[in-house]
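Hello,

Here is the structure I promised to pass on. Please open it first, then read my notes below.

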Amino acid sequence: MYVLGIETSCDETAISVVKDGNEVLSNVIFSQEKIHEAFGGVFPELASRSHLEAILPALEKALSDASLSLQQIDLIAVAAHPGLMGSLLMGVTASKALAFALDKPFVAVNHIEAHLYVSLMKEPSFPALGLVVSGGHTSLYHITDETTYNLISQTVDDAIGEAFDKVARLLELPYPGGPHVEALAKTGDPKRYPFKEAFVKQDPLAFSFSGLKTQVFYALQGKELSEQDRADLAASFQETALQMVVKKSLKVAKNLDTKSLYIGGGVSANKRLRELFTQESPLDLKIFWPPKGLSIDNGAMIAGLGYHLYKKKGASDLFDVSPEPTSRIKHLSFSE
Ligand code: KG4
Ligand code: ZN
């Protein structure tokens, strides 16, 4: 079964063709990074306009890279939530139009669940723990099969990627800041600034990053920073932020007695995060990372998860699906 996956939830126009849920035949990602760089973050109106310009060229390339025609596509899957409303609207409208014109089934996919799906698609093993670390989310999920993701906990304020981006701005690094903070941290001392990890009283499994960002702000406010100071700040921030994620994930994995941890989202590209998980996780916990090229927003994750949703629940009603900025989530009641 050939599935076309369309992803426009933020600032990437991404379209892929995936065969039978896990064989990626093409993966086209048109990034808008250059457009938003000047604003230090995504400018929503420009994002949706540029999706409009890029979506047909991306579709043509995705089909030609897969050596398929539009008629050979069996199912159209689209990221319908969560994301920026104007951006989502572009992908959802384009995919509905395609499905209607071609008379093909159509399925709406949750973007966050899709981030986790790519790391489990080659070796699924359930029940599992899922960790999403992205620009918009920091969440833990209990995964019981390819299509069932129950939320355990999430951030009460900033997402981890957002914190990396904000600290990058404080350190006058370009957008998106995560990779730049990681590069600067390489020459820094992670112990130089003793930043405190956040603890959320009402929900000990929840994440919080805004306090850490404020600690970085006060550490550098009004100071003349040397290159070494900047590197030490980047390293100390990175270590504290990543440790919070690693410790909480491993604690929940232990409580759930799961043997697989699937990780997704842009921050999973961080090498120090991978090192920390490798160092600190118990031997019987297997950790899965997104395949190369699939950690940032992509259409393959949408097509892959779309395939399973269609197999399990059938097609979505074309006239019933609208983009939604927030996630439709089932919150699992789970205590420590
Ligand atoms: O998953 P993603 O593409 O966006 C959302 O769907 O939200 O992730 C983007 C985020 C940005 O905040 C970016 O700074 C961060 O991932 N990021 C990183 C690294 N690479 C990307 N953060 C830390 N270290 C990295 N190497
Ligand atoms: Zn994403």
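Aspartate 103 sits in the loop between α3 and β5 (106-110). Keep in mind that this is a predicted model. Aspartate 103 is not a glycine, yet its phi is positive, at about 55 degrees. Most residues other than glycine have a negative phi, and most peptide bonds are trans.

Two cis peptide bonds turn up as well. One runs from histidine 81 to proline 82, with omega near -10 degrees. Proline 82 is in the loop between β4 (75-81) and α3 (85-102). Another runs from phenylalanine 126 to proline 127, with omega near 0 degrees. Look for proline 127 in the loop between α4 and β6 (128-133).

**Ligand 1**

Now the polar contacts. A backbone N or O atom of glycine 178 is 3.0 Å from an oxygen atom of ligand 1. For serine 134, a polar side-chain atom lies 3.4 Å from a ligand 1 oxygen. At glycine 266, a polar backbone atom is 2.9 Å from an oxygen atom of ligand 1. Taken alone, ligand 1 exposes 560 Å², and the protein buries 87% of that.

Best wishes

Note on methods. Residues are numbered from 1 along each chain as its sequence is written. Chains are lettered from A and ligands numbered from 1 in the order in which they are written. This is a predicted model: local features need pLDDT of at least 70, side-chain atom pairs count only at pLDDT 80 or more; totals for chains, interfaces and linings use all residues. Side-chain values use heavy atoms; hydrogens and water are left out. A polar contact is a pair of N or O atoms within 3.5 Å; within protein, one must be able to donate a hydrogen and the other to accept it, and residues adjacent in sequence count only if both atoms are side-chain atoms. Accessible areas come from the Shrake-Rupley method with a 1.4 Å probe; for residues, only the protein chains shown count as cover. Helices (H or I, at least four residues) and strands (E, at least two) are DSSP runs, numbered from the N terminus.
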